[in-house]
Amino acid sequence: MADTLKEILLDSTRRPAVVSDFEGLVDAEVSDKGGVSGAVVKTGFAAVKKIKPGIIPSAVDALLDDFTVALEPFYGDYKAKGGNDFGAYLAGRGDEAADALLSVTDARADKSSRDSIKKVYGKLRPNGKKNVEEALPRLGQLIDKHAAAV
């Protein structure tokens, strides 16, 4: 069994399946959003997909290495503690894990040369932490799924 997220998520033979599963996670999380803030997320998500079709799998693939680095300390601690549900572990450290992941997207948005992407990200970012925290259980489950396949 692999000991690091790099071994689990970034192996070239598994990466396409990882990207596909994470794209599905993003779609599911957006679909599950409700209320006014959910409408904002769904509208922003649709706008991003309209600006550039295929942007979600492309973005997941582009961010995967940095997300892996951001989550590696959490995974190392989880493994050291003998955990058996990374989703529950991440949810238990939701504040820290969300900040780690958002630091990646914040840096990427800051570097973007596309004003339309910056504008949409700016509208989504205020609720970003809450949305990421809500996604952590699913994210951890997907990582567990891929870890079991190694």
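Q: Is D3 buried or exposed?
A: Start from the relative accessible area, taken with a 1.4 Å probe and protein chains only: under 20% means buried, over 50% means exposed, and values in between are partly exposed. D3 has 53% relative accessibility, so D3 counts as exposed. Before going on, please note that this is a predicted model, in which local features need pLDDT of at least 70 and side-chain atom pairs count only at pLDDT 80 or more, while totals for chains, interfaces and linings use all residues. Residues are numbered from 1 along each chain as its sequence is written, and side-chain values use heavy atoms, with hydrogens and water left out.

Q: Where is D3 placed, and which residues is D3 in contact with beyond its neighbours within four places in sequence?
A: Helices here are DSSP runs of H or I with at least four residues, strands are runs of E with at least two, and both are numbered from the N terminus. D3 sits in the segment before α1. A contact means heavy atoms within 4.5 Å, and, with neighbours within four places in sequence set aside, D3 is in contact with Y75 and K79. The C-alpha atoms of D3 and V150 are 9.8 Å apart in space, although 147 residues separate the two in sequence.

Q: Is I8 buried or exposed?
A: I8 has 0% relative accessibility, so I8 counts as buried. I8 belongs to helix α1. Leaving aside residues within four places in sequence, the contacts of I8 are A2, R14, V18, Y75, I143, H146, A147 and V150. From I8 to V104, 96 residues along the chain, the C-alpha separation is 19 Å.

Q: How many residues does α2 have, and which of its residues are buried?
A: To judge the span of a helix, multiply 1.5 Å by one less than its number of residues. α2 has 18 residues, and its reach from first to last C-alpha is 26 Å, close to the expected 26 Å. Its buried residues are R15, V18, V19, D21, F22, L25, E29 and V30. Their cover includes α1 (5–9), α3, α4 (55–80) and α8 (128–148).

Q: At what angle do α2 and α3 pack?
A: Two packed helices are described by the angle between their axes and the distance between the axes. Axes are lines fitted to C-alpha atoms, for helices over the stretch in contact, and angles run from 0 to 180 degrees between N-to-C directions. Helix α2 (residues 15–32) and helix α3 (residues 35–51) pack at about 140°, their axes 9 Å apart. Angles under 35 degrees count as roughly parallel, over 145 as roughly antiparallel, 65 to 115 as roughly perpendicular and the rest as oblique; α2 and α3 are therefore oblique to each other. On α2 the contact is made by V26, D27, V30 and S31, and on α3 by V41, K42, F45 and K49. By class (nonpolar: Ala, Val, Leu, Ile, Met, Phe, Trp, Tyr, Cys and Pro; charged: Asp, Glu, Lys and Arg; polar: the others, Gly among them), this contact of α2 with α3 has four nonpolar, one polar and three charged residues.

Q: What is the handedness of the crossing of α2 and α8?
A: A crossing is left-handed if the near helix is turned anticlockwise from the far one by less than a right angle, and right-handed if clockwise. α2 passes α8 in a right-handed crossing, whereas the crossing of α2 and α3 is left-handed. The axes of α2 and α8 come within 10 Å and cross at roughly 155°, so the two helices α2 and α8 are roughly antiparallel.

Q: Which residues of α3 and α7 make their contact?
A: The axes of α3 and α7 come within 10 Å and cross at roughly 165°. α3 contributes V40, V41, G44, A47, V48 and I51, and α7 contributes S116, V120, K123 and L124. Those residues of the contact of α3 with α7 divide into seven nonpolar, two polar and one charged.

Q: Where is S112, and is S112 buried or exposed?
A: S112 is in the loop between α6 (94–111) and α7 (115–124). S112 counts as buried because its relative accessibility is 16%. Its contacts, leaving aside neighbours within four places in sequence, are I117 and K118.
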